[in-house]
Amino acid sequence: MSPAMGTMTPVPTAAGAASLPVPQHMVHPPRPRCVVNVGFTGHRADRLTPGHAVSVKAHVEQALRLIAGTVRAAHLKGAGWFTGEEPELRAISALAEGADRLCAEAALAQGYRLDSPLPFAAETYLADFAEGPSREAFLALLARADRVLELPGERANEPAAYAMAGGAILGSADILIAIWDGKGSGGRGGTGEVVANALAMGKPVIHVPIESAEEVRLLWTGQGPEGGGWQGAMDPPSEPFDEARLASALESILLPPDEPGERSALDSFLAEREELLLRRIEYPLLLALTGAQKLTSGAWRKQAYLPATRQDWARFDPYWQGRVETGRFNLLEHGYAWADNLANRFAQCFRSGHVVNFVFSALAVALALFGYLLGGNVKVLFVVMELLLIAAIVTNTRVGHAESWQQRWLDYRQLAERLRPMRSLRLLGVARPPAVSPTSRTGNRRWIDWYAGGIWRQMGMPAGRIDQAELDRLTGLITQEELAPEIAYHHRNAHRMSHVNHRLHQFGSICFIATVLLCIGFLFSNLVLDAETAHSAAIFFTVATATLPAFGTAAYGLRVQGDFAGSSARSAATADALDGLKAELETHPALSRTAAVGNAAAAVMLVDLAEWRLTYQQRALEIPG
């Protein structure tokens, strides 16, 4: 485990001057705070009678105490990966009569902060409760909530509205407490459906039965002390609920994966530093030479990470203001800024490494042949130059491996693309965090899941009312600020990669055709030239017909290693898929639909990313041979 780091780092100043503290996130990537969000679902007062409430309340209070203790213990275990702040405990309840209010009151009594997603606007939701004590209790709890999210449910379709509130709970909850008789969902949006959806999302569920004679159980799809596979909401993997099993479930969420390689990669990311001058510009030179992209000063001099990202993300400020605390949005922005800029840096290093290896290999062949052609003392000079090129290739390869250019590029790009969609998905309230397939085939790194999940948890549920005007604004956010730029990017990338591939193919073809013509010229020279002239020409032809194929092979190697054709095809397919989702969203605007399309778009981009990663994992920086 890395040592815990504070939030401020002293920066050296001129002699005699006091050191100025610099925020930690400006020196290294930011760490998330240890946060857990506990969601509640359960029966209303008609099924949770006063006779049931006594034992249920005792079980809920015990569960909340154990969760709080487990979170604090996990925070101590993972002190080096979290900020120095105390853990934050949040409860999420829709404040309906019965289980929702019982749990909210118990959580507030233990120091949890309360978030409340409501299926309707608050004044509309009041109609669910009789005048008098019930309404007064609702309003009292609502006043104590830190965040209130009023969803655009309609009385004409109440089940859909309650299901949407359940979706908002699951969109933010890390663990669910379900006060449930276990007999079924009771309709759309009911407790059974919420439990089933939680299990399908891999969230642990503490099942508190309403009958006092039954024991509390932990339902979890992960691998706890007893393991087991989930078959359905009515037949989940069920374990006795105790401190050890709860710790196993929560630590799998709150702590990074315990494999040494994963934790080492996380520590490396958290220790990264900003480098604004790039020493490797060979890849931008290749793009410039092929006409795919102009060579600008940005190839070797970058803007500071946070200000550069701020310029781009400032357009999201109007959507976030008043709905999510500024500091929580900044955490996402800063995490993305570091991941994106680091990914760009190591991508340029890695791709430039391939350019150097292939170009220098071809030059080494040319030098060897020209040394043979010129002979004498010049040959010694050319041999020395050839050895220097070979040494440069070996050094370039060894440095690339030692600094893990490839792995850091792949990891940080994957992390950046996990974080970026959160800036819009989090505002929808009912959307889920972007996720990738758990299969190892995608090459996913689990520390990335942990870091992205930590930021999603800390941002928490948004606040405010989503009426029709706000829904239109959020739908426009997804279509115009997320999908449209991504579609444009993938169209540009498809064209650029295709252009580079075509130019390299042209260059290789020219080398091949020139070699054929030289061979024909050599045969013809033997027929028309005298023996001495033909012998002199033969040396030239030999060198040229060996050098040209070497450069042609280098061009082919760059095409294969760069996967320009594959990148072009993937970007074109991704642009088409996103175009279809954009059209679908513009045709059927609704909050649940907007969230579904937003999640689908994130999934499309993550599938593209997984395929890209799988391809480039097979293209390590190696000495050409």
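Predicted model: local features only at pLDDT ≥ 70, side-chain atom pairs only at ≥ 80, totals over all residues.
**Entry: the whole chain**

I went through the secondary structure and found 21 helices and eleven strands in the protein. I then looked up the extent of the C-alpha trace, which spans about 115 × 60 × 50 Å along its principal axes. For the contacts, I took those between residues at least 6 apart in sequence, and I noted that 79% of them join residues at least 24 apart.

**Entry: helix H17**

I turned to helix H17, residues 446-459, and checked its length: at 1.5 Å a residue its 14 residues should span 20 Å, and its end C-alpha atoms are 20 Å apart, so the two values agree. Next I looked at how covered H17 is, and I found that eleven of its 14 residues are buried. Among them are three tryptophans, Trp447, Trp450 and Trp456, and the buried residues also include Arg457 and Gln458. Just after H17 comes Gly460, for which I wrote down a positive phi of about 70°.

**Entry: helices H2 and H8**

I recalled that two packed helices are described by the angle between their axes and the distance between the axes. For helix H2 (residues 50-77) and helix H8 (residues 243-254), I found an angle of about 50° and axes 10 Å apart. That angle makes H2 oblique to H8, and H2 passes H8 in a right-handed crossing. I then listed who meets whom: on the side of H2 the residues are Leu66, Ile67, Thr70, Val71, Ala74 and Lys77, and on the side of H8 they are Glu243, Leu246, Ala247, Leu250, Glu251 and Leu254. Sorted by class, this contact has eight nonpolar, one polar and three charged residues.

I followed the chain onward to Ser404, which lies in the loop between H14 and H15. Most residues other than glycine have a negative phi, yet the phi of Ser404 is positive, near 50°. Is Ser404 buried or partly exposed? I found a relative accessibility of 31%, so Ser404 counts as partly exposed.

**Entry: Asp563**

I looked up Asp563 next, which is not a glycine either but has a positive phi of about 50°. Asp563 is placed in the loop between helix H19 (531-562) and helix H20 (564-587). Its relative accessibility is 11%, and because the cut-off for buried is under 20%, Asp563 counts as buried.

**Entry: Thr515**

Which residues does Thr515 touch, not counting residues up to four places away in sequence? I found Thr545, Leu548 and Pro549. With a relative accessible area of 12%, Thr515 is buried.

Terms used: Residues numbered from 1 in each chain as written. Heavy atoms only, no water. Helix = DSSP H or I, 4+ residues; strand = E, 2+ residues; numbered from the N terminus. Expected span 1.5 Å × (residues − 1). Buried < 20%, exposed > 50% of the residue type's maximum accessible area, 1.4 Å probe, protein only. Axes fitted to C-alpha atoms, helices over the stretch in contact; angles between N-to-C directions. Parallel < 35°, antiparallel > 145°, perpendicular 65-115°, else oblique. Left-handed = near helix turned anticlockwise from the far one by under 90°. Contact = heavy atoms within 4.5 Å. Nonpolar A, V, L, I, M, F, W, Y, C, P; charged D, E, K, R; others polar.
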